[in-house]
Amino acid sequence: MPLLQVNKVEKFYNEETKVLKDISFEVYPGEFISIIGPSGAGKSTLLRCINRMVNFNQGTILFDEQNIGQLNKKELRKVRTKIGMIFQHYNLVPRLTVLENVLHGRFGYKTTLQGIFNRYTQKEKERAFFLLEKLGIEEHAYKRCDQLSGGQQQRVGICRALIQEPSLILCDEPIASLDPNSSKIIMDYLKMISSELGIAVVVNLHQVEVAQHYSDRIIGLNKGNIVFNNRSAALTNLEIQNIYSSNMQDLIMI
Ligand SMILES: Nc1ncnc2c1ncn2[C@@H]1O[C@H](COP(=O)(O)OP(=O)(O)O)[C@@H](O)[C@H]1O
Ligand SMILES: [Mg+2]
């Protein structure tokens with residue numbers, strides 16, 4: 001059974017341009033999938049449709065058998081606890097500690113009052129430390145996030161996603177602001193999360209080689225269309241050209 005089924009999804013921000021056109025694909029539990037494609041292809045929009053950070057216009061998205069497009073606010077909040085999100089710029093609260101930022105991942109499980117007063121259980125704190133240790137940053141637990149390097153901040157972002165106990169993690173260009181060394185560390189952790197913890201990981205990337213190295217499957221997006229969806233090994237140079245071509249017509253005429 002797929003964990004996520006995206007079926008004929010369309011998205012437009014305005015009447016003139018469809019940003020996503022007839023998008024269909026499936027994600028299975030524990031799969032590692034990269035989405036590649038030129039800037040403006042619709043990669044970020046696609047990830048945001050999955051957890052309904054943006055509403056889509058047509059089609060259906062089923063996550064864990066729930067119809068994402070039809071959930072009310074409360075149901076959506078519940079489903080979102082199962083979908084972690086990792087961002088290019090980490091989206092941490094800079095003046096709060098590493099530990100506090102990780103515990104924020106529990107927010108979706110709290111009542112409003114518990115959330116306001118930052119009430120966390122001993123078990124949640126222990127879990128936060130366990131995750132910080134797993135990501136190799138436990139020694140920074142009480143530092144403010146803005147004192148950490150980019151790579152370390154992204155590891156905090158990963159801990160915050162993991163403490164949600166997600167079955168899917170969406171990553172929007174998680175290594176775009178990092179140097180090659182930190183990028184490798186982050187990608188290795190994301191891979192570990194899918195292979196060891198069985199959490200499906202969907203990553204938007206702009207480095208083709210990185211996608212090829214880490215992914216079970218690659219989805220190529222061009223102008224809102226899926227033009228490739230196959231095992232990493234099947235991604236030939238011609239397919240890469242096709243995914244990154246600015247004008248599909250040119251390629252077809254060759
Ligand atoms: N909030 C928005 N309002 C209007 N247009 C948007 C918005 N977000 C993205 N777009 C447009 O949608 C297209 C796809 O953008 P995006 O999903 O960010 O692509 P990518 O992540 O592949 O670079 C672009 O043309 C972009 O300008
Ligand atoms: Mg983007």
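What follows is a short tour, from the whole chain down to a few single residues.

**Before you click.** This is a predicted model, where local features need pLDDT of at least 70 and side-chain atom pairs count only at pLDDT 80 or more, while totals for chains, interfaces and linings use all residues. Residues are numbered from 1 along each chain as its sequence is written, chains are lettered from A and ligands numbered from 1 in the order in which they are written, and side-chain values use heavy atoms, with hydrogens and water left out.

**Stop 1: the whole chain.** Switch to cartoon view and you have ten helices and ten strands (DSSP runs numbered from the N terminus: helices are H or I with at least four residues, strands are E with at least two). Along the principal axes, the C-alpha atoms fill a box of roughly 65 × 40 × 35 Å. Now color by burial: 50% of the 254 residues are buried (under 20% relative accessible area with a 1.4 Å probe, protein chains only; exposed is over 50%, and partly exposed is in between).

**Stop 2: helix H1.** Select residues 43–50. Six of the eight residues in this helix are buried, so H1 is largely enclosed by the rest of the structure. The buried ones are Lys-43, Thr-45, Leu-46, Leu-47, Cys-49 and Ile-50. Then step just past the end of H1 to Arg-52, which takes a positive phi of about 55°.

**Stop 3: the cysteines.** Go back to Cys-49, which has a relative accessible area of 0%. How far is its sulfur from the closest cysteine sulfur? That one sits in Cys-171, 17 Å away, too far for a bond. Hop over to Cys-171, also buried at 0% relative accessibility. Its own closest cysteine sulfur belongs to Cys-159, at 13 Å, which is again too far for a bond. A search of the whole structure finds zero disulfides (pairs of cysteine sulfur atoms within 2.5 Å).

**Stop 4: Gln-164.** Is Gln-164 buried or exposed? Buried, with a relative accessible area of 13%. Show its neighbors: leaving aside residues up to four places away in sequence, Gln-164 touches Arg-80, Thr-81, Lys-82, Ile-83, Gly-84, Gly-105, Arg-106 and Tyr-109.

Technical notes. Contact = heavy atoms within 4.5 Å.
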